[in-house]
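I opened this model to look up a few helices and charged pairs, and I am keeping my entries in the order in which I checked them.

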Amino acid sequence: MERKSGVLMHVSSLPSGYSCGNFGKCSFEFIDFLKESGFTFWQVLPFCMPDEFFSPYKSYSTFSINPYFLDLEDLYERGLITKEELALSREKESFRCEIERLKSQRLSLLKKASEKFDFSECEDFYKEEKDIETFANFMAEKSFNNGREWHLWDKQGFDKGDLRLWLFSQYILNCQWKKVKSYANERGIKIIGDLPFYLSFDSAEVKNSPKLFDLKEDFTPRSVAGVPPDYFSPDGQVWGNPLYNFHSIKKDNYDFLKRRFSFYLKLFDGVRIDHFRAFESYFEVPFGEKTAKYGKWKKGPGLSFIKEIKKVVGEKLVIAEDLGEITDRVVKLLDKSTFPGMRVLQFGFLSDPHSPHLPHNYKNNCVAYTGTHDNNTLLGYLWECEKSKRQEIFDYFGVMGDDIDLCFDAILRQMLQSHAGLVIFPIQDLLKFGCDTRMNCPGTVGGNWLFRVTSEQLNSIDKNKFMKLNRTYGRI
């Protein structure tokens with residue numbers, strides 16, 4: 001891999017002024033920040049419509065974009081919302097996503113805007129994007145059935161206004177993001193998306209293609225996705241997503257999964273595959289179980305699927321999230337795929353000096369992180385370590401005494417010095433933020449996915465410092 005560096009920052013965390021980051025001015029300003037700091041990659045979390053807890057890893061459709069990312073100032077300039085409506089949408093809190101305000105106000109505003117929109121503008125778009133149109137129909141039908149899960153719907157049809165809302169918003173979102181991505185690419189910045197492995201049971205895809213999933217005759221799952229006990233959870237985790245019926249999917253030459261990749265690679269310059277190890281084998285938990293205690297491993301689609309995906313991916317970057325319980329078989333599959341795997345510094349001090357997550361063991365074909373969206377921030381991690389573990393970390397990075405600031409800077413420098421082809425820092429680690437700003441605590445419900453930065457905080461980062469580091473270690 002060519003030596004580069006980047007920043008992990010979800011769009012929702014950007015300082016937009018409208019309760020949640022969006023595809024407006026704040027996205028363009030963040031791209032400028034990356035360029036001026038010597039970074040060449042911007043990594044985001046999944047763009048799809050989030051669940052009620054704002055998690056982007058559980059969505060009503062993989063072929064969707066979060067409507068809260070829509071730039072309202074663009075709608076005002078188009079004459080689709082009024083100056084008063086724009087002003088009423090201004091945020092009251094800038095440090096967190098205001099999800100309750102968004103839920104209660106934003107979609108109704110977008111619905112009003114859709115009533116003024118000339119739908120002839122998006123006719124060609126929907127001739128090409130049938131999966132997005134399917135999502136729009138699903139959301140309109142769901143609203144018609146009072147928001148219940150699709151297998152409980154008792155009414156056929158939908159309100160035309162609701163359908164217009166979703167057709168309008170998804171089209172405008174795609175148009176706005178296309179401008180953001182073009183701006184980034186023109187400035188030498190590439191954007192990495194995130195593709196969740198599983199889908200939500202209550203999704204357009206499961207409703208419309210139930211044979212692709214391991215469901216009973218009454219459409220309830222036989223088993224659901226999860227993981228055994230690990231670093232994040234001593235009892236394991238029950239994610240609850242329906243599992244794929246890989247026999248049916250393979251008979252169709254993996255068409256559905258290839259469409260997922262194609263959709264994401266239209267939006268991004270590369271993609272991180274969440275839960276890559278499931279391609280080798282995945283963990284299933286009996287439906288209804290509260291913990292992963294009675295789960296078991298089952299064989300995944302393996303190399304045959306990887307070969308089909310590579311036909312779709314071409315030369316674009318694909319990062320394999322090879323974290324969790326990794327076996328020799330997973331390692332062999334990753335090697336055969338040639339996709340770069342992930343290295344997470346915080347995992348490096350869980351075992352011995354041979355850990356692949358320690359910087360001296362990084363190979364070129366990997367993407368190294370101080371932490372992911374599921375980890376504590378680097379500062380939070382250092383503060384919460386046991387004294388002996390913290391001393392081990394200080395010794396590793398050659399830091400005398402107990403100055404966490406010195407250790408922090410030594411870590412960032414050594415990550416950039418390493419052989420890793422791509423090094424990515426979460427935005428919290430550039431800001432030296434603590435544990436109260438972490439994005440997600442796995443295994444917990446509520447309070448996650450809400451982190452945001454302000455313009456003042458973003459502007460406080462020493463861009464010259466990172467430009468110098470990136471230049472010094474050959475990452476520009």
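**Entry on Gln176.** I began with Gln176, which I found in helix α7, spanning residues 160-186; helices here are DSSP runs of H or I with at least four residues, and they are numbered from the N terminus. I am working from a predicted model, in which local features need pLDDT of at least 70 and side-chain atom pairs count only at pLDDT 80 or more, while totals for chains, interfaces and linings use all residues. Residues are numbered from 1 along each chain as its sequence is written, and side-chain values use heavy atoms, with hydrogens and water left out.

Is Gln176 buried or exposed? I noted Gln176 as buried because its relative accessibility is 5%, where buried means under 20% relative accessible area, exposed over 50% and partly exposed in between, with a 1.4 Å probe and protein chains only. Setting aside neighbours within four places in sequence, I listed Phe23, Phe69, Leu70, Asp71 and Asp74 as the contacts of Gln176, a contact being heavy atoms within 4.5 Å.

**Entry on α6.** I then checked the span of helix α6 (residues 130-144): its 15 residues should span 21 Å at 1.5 Å a residue, and the end C-alpha atoms are 21 Å apart, which agrees. The expected span is 1.5 Å times one less than the number of residues. I recorded the buried residues of α6 as Ile132, Phe135, Ala136, Phe138, Met139, Ala140, Glu141 and Lys142, and their cover includes α5 (123-128), α7, α8 (204-208) and α10 (255-267). After α6 comes Asn146, for which I noted a positive phi, near 60°.

**Entry on salt bridges.** I found 32 salt bridges in the structure, each being a side-chain nitrogen of Lys or Arg within 4 Å of a carboxyl oxygen of Asp or Glu. One of them joins Arg101 and Glu98, with the closest N and O atoms 3.1 Å apart, and both of these residues are buried. Another joins Asp154 and Arg148 at 2.9 Å between the closest N and O atoms; here Asp154 is exposed at 55% relative accessible area, and Arg148 is partly exposed at 29%.

I also looked at Asp409 and Lys465, whose closest N and O atoms are 3.3 Å apart in a salt bridge. Asp409 lies in helix α15 (residues 404-417) and Lys465 in helix α18 (residues 463-472), so this pair ties together parts that are 56 residues apart in sequence. Asp409 counts as partly exposed at 29% relative accessibility, and Lys465 is partly exposed with 31% relative accessible area. Finally, I noted that Asp405, Asp409, Lys432 and Lys465 are linked in a network of salt bridges.

How values were computed: Helix = DSSP H or I, 4+ residues; strand = E, 2+ residues; numbered from the N terminus.
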